[in-house]
Amino acid sequence: MILKKLKLQNIRSYQNQDINFPEGIVLLSGDIGAGKTTILLAIEFALFGFSKRTLSGDLLLRHGKHEGSVELSFFLNTDNNTSNNQNYSANNNQEYTAKDNTKNNQNNVQSNNETNNQNNTQNNILSNNEANNQDNTQNNILSNNKTNNQNNTQNNIQSNGQLNRQKEVIIKRTLRRSNQVKQESGYIIVDGVKTECTPSELKTKVLELLGYPQEMVTKSTDVIYRYTVYTPQEQMKQILWEEASTRLETLRRVFDIDKYRRITENSNVVLKDLKNRKSELVGKTSDLEGKKRIKSEKNLQRTELYEKFKAKNSQLETIKKEILKKKNDLLAAELKIKELVALKNNFAINEVRLKNITEQKQDNEKRIGMLIAQIKKLEADITNFKIIKPEEVNRQNLEDELAAEEKFLDDIKEKKIKLAQEIEFNNTKITEISEEIKEKKELAKDVMKKKHDIELIQKEIEGKKALTDTAEKLGKRIEELNMLIKERDIEINKANKLKKEILSITKCPTCLQNIDDGHKDHITLIEDKKIKNANDVIRDVEIERKEKLKEKEKINKNLEDLREQEKLIEKLKAEFSVLEKYSTELEKKQRMLEEFVKIRNHLKEEKTSAENINPELIKEKINHKKEILFKIREYDERVKQKQMKEQDYHEKNEELMHLRASSENLGKSINETKANLSAVEQKITSFENIETQYNILKKDVDEKLSLERAIELEIAGLNKQIDYTNEYLNLLDKEITEKEEAKKTIDKIDFLVNWIDEFFTNLMRTMEKHIMMKLYYEFNEVFMEWFSKLIEDENLSAKLNDEFTPIIIQNGYETTLENLSGGERSAVALAYRLALNKVVNSFITSINTKNLIILDEPTDGFSQEQLDKIKDVLDELNIKQIILVSHESKIESFAEHIIRITKSEHVSCVV
């Protein structure tokens, strides 16, 4: 991994800054607080995002800003080191293959998914869930070494064929402030292919590109990065001062060795689960023999029930045959009873019919007597009925004339009222129009006066355009003068700022040479002259500006007066337009007045004509015609009454004839009904004993049916007992089978418990111890080598104990870190840091950050002799890109590239 470019926007003290990183030794130089650490934190944020303990949004986003971003560009070498299954070292093939085997074993041990597969038993046993089969366990474990050796060989062959090439990666992360600072979605570009990602997706992709082991994704994501690429200054010595147990735990996580302890812990959990499972299975199989004995007894009981069931079925068949015969006899008796019931119903119906016919005949005879009396009375009334006929008149013509005269009388009344109302309305309108004409005549007199005033004002405002043009020219000139004043003010401020800066510095920021007082005085004299010239120009321009402002103010006052005149002329024009409308309306109103006068005269003539008609004469004619019509209507009513009596007489005669015929028919029906009653009574007598016979048969059938039901209940009970027994036997068979399978499972669990307890757990401890020893020897050797190069003192040496704690030997005696000087402690920390970097890079060969290291103030407290050694140490590291943060001027002498950072008014920038 080689850093190429970093873009910062609103990150801490940076607003917008691009920083390019060349290869080689790169020094970040600047005062304390200038912003060097911000660059290192931004690189870490771009790669991994937030960290709860070390890197938060509030720490990164610039105060007062709502958005910020970091964009990092770097190159990755794509070669055979990207394989996760590759050997870690050419000299340690067997050892690291064993580590791969351990990883496979861990996957088996840590599996949490429930499985029913019978052939992969090891995964099942080492999970936290129940397993159904544990076959082939030992074979799977013992074959891992061979399988992984084959995989490693194949991967090596394939990776050797790959060509080394560089891929460019660009990562951008953004920050946004709401209630708190949060990460927004960003993107990653790999070889020109852009992918939008959430913060967590970005982190996963970066870890894959950097080749960090997959299991590290779920841990502290920056643990390897912290101990191989960049360790902040305050954390450089932290690992040395920690407790031994804490230090070992940190190293276990860095080298991913803590998995062996997790495997052992998970194995103990599995053992406990297997033992609990065995206890459960032993309890389940304790009553197996008793269950088999119960099964034998239930089989004998089931045989006896089948014999009873067969006997009862035979008895039931005999009873059913007897019941069938009895039911046939009962059915014949039921048919005769139904016939008897029908005869009795027929007899009762005839009795009711005879009664109804007799009552109907009696009612007819009463009605005949009444009709005879009513007919006699009608004959007398018709004979004595008298009618007086009126004089001969055309009734329709008389009614039409009467209606026309009444309508004429009503029209005359309405016309008089209407004419009076219309005359009154016309008089009102004539009065109103006369008043309006009078008013409009007065207003029309001002028309000519308004027209004259408008002409005078129009002549006054003809010079407005010339004044406006003059005012615009003055405005432009004033703006030019203002701009000249501002430019001279800027020149004065620049000169004063330069004078202040030149007096406050001792070295040139560009060439870094000392600045003497003569040079400062020369620059001050030049700037003072610039300030004087600028003030002279400002004074002259200000005089002209004031004159132009006065002239413009006067013209503006004249323009304001003209604008008032324009408003006045608009008002006069509006008044003149209104007055012209009044003149037009005056003519219309005069014509309307003449029209209303004509209409009023015509209405008065019509009213006089209507008042000359005498309504009393018309009323007498109407009353005479009404008397004639009344007599005609009275005659018509008497004729109608006589016709109704005659019609009633004929209807009653016809009803009398119908009733006499009906009475004769009813007499015949009475005789027929009596004859039917006699015949039915004789048939009923012939069925005298049938009901007694039916009751005896029914009682016999009921007794047989009761016996049949009792036998069926017994058979149903036997069926239930047989079904229950069969079901119980099925359950027993299933339970016995399960208990026998449980006994087999107990044997398998015993085998697995012994295998895990005696072999697998010891194997994990041995592998962990072996790898830790290998790491210790390599780590100790590298640590001693780096320390000896940093401090060439024969009386002072350092090594590591088995807990990876530095042991300092001074003059042949052990001493503590507290007794060392600051520079010596820094040397111990740097040697430990460089040794850790080398061992991690050689141990985990898949990572792609081997060509980069960032050292933050590594020479704190170093003597001049120690500083001289740093160049040799950095060269011996053989790393393509080394980024240093230091205030030591000597380091600048051997740094290949220097990035200088300054800070002014809380804003950092690269110079």
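Strand 9 and strand 10 form a hairpin with five residues between them, and Phe804 in the turn has a positive phi of about 60°; strands are taken here as DSSP runs (E, at least two residues) and helices likewise (H or I, at least four), both numbered from the N terminus. The model is a predicted one, in which local features need pLDDT of at least 70 and side-chain atom pairs count only at pLDDT 80 or more, while totals for chains, interfaces and linings use all residues. Residues are numbered from 1 along each chain as its sequence is written, and side-chain values use heavy atoms, with hydrogens and water left out.

Strand 9 and strand 10 (residues 806–810) pair in the antiparallel sense over five bridges, where two strands are said to pair if DSSP finds at least two bridges between them. The hairpin of strand 10 and strand 11 has two residues between the strands, with Asn811 in the turn at a positive phi of about 55°.

Together these elements make an open sheet of three strands in the order 9-10-11, with antiparallel pairing. Strand 9 (796–800) and strand 11 (813–815) stand at the edges with a single partner strand each, so one side of each is left without a neighbour in the sheet. On average, and with direction ignored, neighbouring strands of this sheet are turned by 35° against each other; axes are lines fitted to C-alpha atoms, for helices over the stretch in contact, and angles run from 0 to 180 degrees between N-to-C directions. Helix 17 packs on the sheet, touching strand 9 and strand 10, and its direction makes about 160° with that of strand 9; contact means heavy atoms within 4.5 Å.

Helix 17 (residues 690–790) also approaches helix 18 (residues 822–843), the two axes coming within 8 Å and crossing at roughly 135°. Helix 17 and helix 18 are therefore oblique to each other, given that angles under 35 degrees count as roughly parallel, over 145 as roughly antiparallel, 65 to 115 as roughly perpendicular and the rest as oblique. The residues of helix 17 that meet helix 18 include Ile771, Leu775, Phe779, Phe783 and Trp786, and among those of helix 18 that meet helix 17 are Val828, Ala831, Leu834, Lys838 and Phe843. By class, this contact has 18 nonpolar, one polar and two charged residues, with Ala, Val, Leu, Ile, Met, Phe, Trp, Tyr, Cys and Pro counted as nonpolar, Asp, Glu, Lys and Arg as charged, and the others, Gly among them, as polar.

A further open sheet has six strands in the order 8-12-13-3-14-15, and its pairing is mixed. Its edge strands are strand 8 (230–231) and strand 15 (907–910), each of which pairs on one side only. Strand 12 (residues 852–856) and strand 13 (residues 881–885) pair in the parallel sense over five bridges, and Leu852 has Gln881 of strand 13 as its bridge partner. Helix 1 (residues 36–48) packs on the sheet, touching strand 3 (24–30), strand 8, strand 12, strand 13 and strand 14 (897–904), with its direction at about 130° to that of strand 3. Helix 19 (residues 864–877) lies across strand 3, strand 12 and strand 13, running at about 150° to strand 13.

Leu8 has Gln17 of strand 2 as its bridge partner, and in the hairpin of strand 1 and strand 2, which has two residues between the strands, Arg12 takes a positive phi near 50°. Asn20 is placed in strand 2 (residues 14–20) and, when residues up to four places away in sequence are not counted, touches Lys4, Lys5 and Ile899. Asn20 and Lys7, 13 residues apart in sequence, are 8.8 Å apart in space, C-alpha to C-alpha.

A search of the whole structure finds 35 salt bridges, each being a side-chain nitrogen of Lys or Arg within 4 Å of a carboxyl oxygen of Asp or Glu. In one of them the side chains of Arg477 and Glu544 meet at 2.9 Å, N to O. This pair links distant parts of the chain, with Arg477 in helix 14 (residues 464–504) and Glu544 in helix 15 (residues 517–611), 67 residues apart.
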